[in-house]
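This briefing covers selected interfaces of the structure shown below. It begins with a contact between two chains and then turns to other topics.

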Amino acid sequence: MILNIYTIIMMFAAALTGVLAVPLGIMSFRIFQKWEKPLYAEERTDIENRSYLLLLTAAVILSLKLLTWPFFYVTLQSYIPSIRGAMCIFGVTQFYPSMSSALQLFKPLVFFLIGGWLLLNQLDRKTETSPLFRKKFLFLHLISFMVLIDSLGDLMYFTGFNTGSSVACCTTFFDVPERATAVLPLSILGEAYEKYMLPSYYTMNMSLLALMGVSYRGLQNNKLLPPWMTIAGAILAVLTAVITIFAMFEVIAPELMGLPYHHCIYCMWQYVPDSVLITALFIIGIFSPCWALLLNIMGRHSETDAALKGYIMNLYFFGIISTGASMLMVTIHLMLK
Amino acid sequence: MNGHTMNRKSILAAIIIAFSVAISLITISLQRQNAPVCHYDGENIMPVYEVDIEQKDRGVLKFCSVYCALEWFKRNNTKSAFVTVTDELTGEKLDASLAFFVESDVISVAATRNRMHVFKDKHHAQAHGKQYNGKSVLNPFNMN
Amino acid sequence: MKHLNILYAAAGNVVRHKLRSVVVILCLVAVLFPFLSAIAILEGVKTQSRISVSEGADIYVTMDMFGRNGVIPIEMAEVMKQIPGVTKAVPRAIGRIYIGGKLAVLLGITDDEKPSSLNFINGSLPKAGEIVIGRGLAEHLNLEVGEELNIGTRVVAFIENEPYIIKKMYHVSGIFDAQSGIWASNLVLMSIDDAVSVFEMEDFATDIGLYVRPGYEAAVSKGLQKMNPFFRIQTKGLVRTYIERGFNMKGGIFAALYVLAFALTIPAILVTSGFGLSGRRKEIGILKATGWQTHEVLEMVFFENIMLALISAPSALVLSFVWIKLFNAPFIAPLFIPGAGSIPPFPVPSRFMPLPFVFSFFFALLLTMTGSIYSTWRAAIVSPAEAMK
Amino acid sequence: MTNIRVRSQESGVRRDELIRCEGVWKIYNEGRPHEVQALADVSLEIKKGSFTILNGPSGSGKTTLLALLGTMDRPSRGGIFMKGKDITGFSDTALSTLRRDSIGFVFQNFNLIPRLSAWENVSTPLIPAGVSEKGRRDRAMVLLEKLGLADRASHAPEELSGGEQQRVAIARALINNPEIIILDEPTSNIDAEATDILIDILKNLKSDSKTLLVSTHDQVLRPHADTVFELKRGRLAGITHD
């Protein structure tokens, strides 16, 4: 283990969220079970009261996950001096590539799910008889497993490092033609794929904005969205995410850093501070339509229709603003470079 | 959706957009302020193409590209003690005598139409030459 | 607007329930203050180390003696200077020596080699027979500029039962300013020849520092290895890595020990944050009777705790800033500066941006949110019927 | 033990009916040792705009019934209907919202929040409703003026007399313009003069077609009531209509 302050903090936070996830999982399953059976009035009040404890715990876990998510990368950055050959965060992730990729994909997923649960809970609050009560606590029970896995993953990952190890740096991964983010577009778009990266970035983001705009307008005219539209929104968001990530590696990161042959977004976060905000806005822009789909599937009930429409509209609204702002920031950088 | 909620949302949207744009502009202007200016043509120097020439008796002169540095070097090589160039891939500084130079079709600094590229590793230089129709060049800052 | 209202109501409650607020803030500050002070000092010392490394040579060459650094002939400096890419070769004599019962560092350098971070109160570079001493040492020995100091005096032999003593007196030509950094506090700077004679190692130096052209480290190192396989070669990058690792390790150990304190803080926050809330059952019952939802009460109390955290974080930061800058970090400095003593004689280096600043808010939020979950919940689920009792 | 299920369909609503309870039981610690039966099989109806009194000695279940009708607690059995809608299956959040929008409470000991000024106490229910501070202050001042307390608006409860505190509590109950005002033993903590003022206020509220539900064992309010329900040991013992 590379014993420094960052490691201790990451492990302390991971242990804390892990410890909180266990009672969260147990109590949410117990509530899910009890809510079915006939209840005395006082029992029902007890269960409702306990549900508030779970709500607060879920909110605290989400806040901790939000605080430690960027801290995960700050910790990796602090390992650079201890790992020979590493010149940036990517180099450090090469020490345990499979685990670090898994964690890097898992963290946004956990964040997405907890965020989705809190939205579902907010929606259920707008009803008279809490029709989503059982469903949301079964959902919370599943989420608590994901939180536990994420916390255990952090603990295993950060205790697995050892000093003196050496890795290949990101230049040997990102500056050679055979890098992953080049081979795939190369095979699809041919030799001059770089020419199409930026246009496809803008096309996908613009079409996502357009779809969210149409959906927003549709909801304004008092129609609850057909499920296929929110599904289309989510699928388009995921596709946009993939295209944007490739474009970030291939074109945007080198441009923003001024290193035309260096395709590493970790270095981009390091050398171009506002790229962290670009990334955060991009994530919100992609999550919003997916949350809209989640709510549209899990939150549908005769009592929730009115509120559901408002929530999905707000999600699309923030999706449009975040995606637009992220794209605008990238455009400013590209134009003023 | 009543009007009150609508304009509150528009205000919120405007704030988010304005904040993002401001952050970008501030970052770019800070990067520009810190960037030194080329001694030969006054252009802003991009760190990855910077060439420094240390003079024997006086300080270091900074240039935005190999072409500018060469223009100055041709007339003042007797005054020059050392020349430091930058590896385009990693941004690492190294002495000109150790670097690999490749002149290719790719223009790195538009102002001077510089097509001379510098690499620390030989295979990076060869890869660039192969990809962009370049040919390797001996160290142009040869003190002899 | 609703959440803003609840936020203002929470702020009002923090002010109205002063006792509870003060108790929670004191509990947080008591935990954060030592931690932040230690981190600030660690960052300060690390910064000064980085300055020293960046001022130092690109390559340090010594002989390898039993796997340790061994002395190296001074004349090797001229030979090494001829290696392509080397711009300067500087021999150094550096060692530790007791002066007036205090352990000091004795540094012998060539005349043109004064590191820029060392600046004087008054005086000049030491010529032959002269020395410049650190402020801590000057205070310890009660020395002023112009006085004499004997270094390295010792009995060489006994002739007819009479001890034959070699006396080496040096003239104090200057005292280092306190801002010269912690390394200069117990330093004795003199010319390399004098230093060599004090250690009685004529013709040898402890190491030779080579300044090389950018990118030449690898080539010069290879050349040195070929020149003499017994050369021990350490590049500036290696030294920097050792320093970063060393400090990170020290910080990590301290943090690991401190995590116990943080773990104990959570139950402490649970008790203190619940401290005032039980008295407010009636008040919360009234709010709920007049239409507040449990979520809204939960949100209000949660905001109160977050506000207390956001008040505690900067308070702890200011307190540790005062503790270090005004009182010179008594009792905490020895944690990171061995031999500094409870009341350090030199200004303890410290740096409050960005790490301690980030940590103070991070931990304040982490501890408060986690510690106050149960107490916040207990308060929020008070039944509205409570108001009718 | 009936299953508390959602029955939100209207069941034979009469136009002037505001609150109705059918076969309501309230048993504390139900299903646990030491059960306490507070109410047994109570059915009654409160019409819109009426002045209803719950009368009965201490321990007769007046306060419990008041808490149930005021959505502050749930019945163990039976159903409570608000404007024909069964609210027994409502969630805690929905009951709170109903309380905020339709029900105003005046407690026996006023229950003002210490160290908050009179207008702040009056406007606390508006905070979660999202009304701005200025809006809250204006609406509170209108009510305080109507109740003759404009000059006491910035005083804390500790600086007000019993009668004044009660009027501030009444103003708080009215701030959300509820349909029903529930008063718990309103005359037990005020002097005769304040009682007369209270009676005037109640008359005005009735003329503003507010529905009043008062729990009291004091006979002074009886002449002004439309209906009086007599409670004895948790059961409805009698109903007298004016």
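In this predicted model, 30 residues of chain A meet 36 residues of chain C in the contact between these chains. The area buried between chain A and chain C is about 3100 Å², and 80% of it lies on carbon and sulfur atoms. A:I5, A:F12 and A:R125 are the residues of chain A that lose the most area to chain C, together 22% of what that side buries.

- The interface of chain A and chain C contains 1 salt bridge.
- The partners in a salt bridge are A:R125 and C:E296, whose closest N and O atoms are 3.9 Å apart; A:R125 is also among the residues of chain A that lose the most area to chain C.
- Between chain A and chain C there are 3 residue pairs in polar contact, both residues being at pLDDT 80 or more.
- Helix 1 (5-34), helix 2 and helix 4 of chain A are the elements that give two or more residues to the side of chain A that touches chain C.
- Helix 2 of chain A provides the largest share of this side, with 14 residues.
- By class, the side of chain A that touches chain C comprises 18 nonpolar, 10 polar and 2 charged residues.

**Chain B and chain A**

- The contact between these chains involves 29 residues of chain B and 29 residues of chain A.
- Chain B and chain A bury about 2500 Å² between them, with carbon and sulfur atoms giving 71% of this area.
- In chain B, the most area is lost to chain A by B:K9, B:I28 and B:L89, which together account for 21% of what that side buries.
- The salt-bridge count between chain B and chain A is 0, while 3 residue pairs are in polar contact (both at pLDDT 80 or more).
- At least two residues of the side of chain B that touches chain A come from each of helix 1 (3-34) and helix 3 (122-131) of chain B.
- Helix 1 of chain B supplies 16 residues, the largest share of that side.
- The side of chain B that touches chain A consists of 17 nonpolar, 9 polar and 3 charged residues.

**Domains within chain A**

- Chain A is assigned domain 1 (5-159) and domain 2 (173-336), and the C-alpha centres of the two domains of chain A are 24 Å apart.
- In the contact between the domains of chain A, 25 residues of domain 1 meet 22 residues of domain 2.
- About 2300 Å² is buried between domain 1 and domain 2 of chain A, 78% of it on carbon and sulfur atoms.
- On the side of domain 1 of chain A, A:F90, A:F112 and A:L123 lose the most area to domain 2 of chain A, together 28% of what that side buries.
- Between the two domains of chain A there are 0 salt bridges and 6 residue pairs in polar contact (both at pLDDT 80 or more).
- Two or more residues of the domain 1 side come from each of helix 2 (41-78), helix 3 (89-93), helix 4 (97-125) and helix 5 (133-160) of chain A.
- Helix 4 of chain A gives the most to this side, with 10 residues.
- The domain 1 side that touches domain 2 of chain A has 14 nonpolar, 8 polar and 3 charged residues.

**Chain D**

- Chain D contains 6 helices and 10 strands.
- Chain D is as compact as a globular protein of its length, because its radius of gyration of 18 Å is close to the 18 Å that the globule rule gives for 242 residues.
- The C-alpha trace of chain D spans about 55 × 40 × 40 Å along its principal axes.

Key. Residues are numbered from 1 along each chain as its sequence is written. Chains are lettered from A and ligands numbered from 1 in the order in which they are written. This is a predicted model: local features need pLDDT of at least 70, side-chain atom pairs count only at pLDDT 80 or more; totals for chains, interfaces and linings use all residues. Side-chain values use heavy atoms; hydrogens and water are left out. Domain bounds come from an automatic or database domain assignment. Contact means heavy atoms within 4.5 Å. Buried area is the accessible area (1.4 Å probe) that two parts lose on being put together, summed over both. A salt bridge is a side-chain nitrogen of Lys or Arg within 4 Å of a carboxyl oxygen of Asp or Glu. A polar contact is a pair of N or O atoms within 3.5 Å; within protein, one must be able to donate a hydrogen and the other to accept it, and residues adjacent in sequence count only if both atoms are side-chain atoms. Helices (H or I, at least four residues) and strands (E, at least two) are DSSP runs, numbered from the N terminus. Ala, Val, Leu, Ile, Met, Phe, Trp, Tyr, Cys and Pro count as nonpolar, Asp, Glu, Lys and Arg as charged, and the others, Gly among them, as polar. The radius of gyration is taken over C-alpha atoms; the globule rule is 2.2 Å times the number of residues to the power 0.38.
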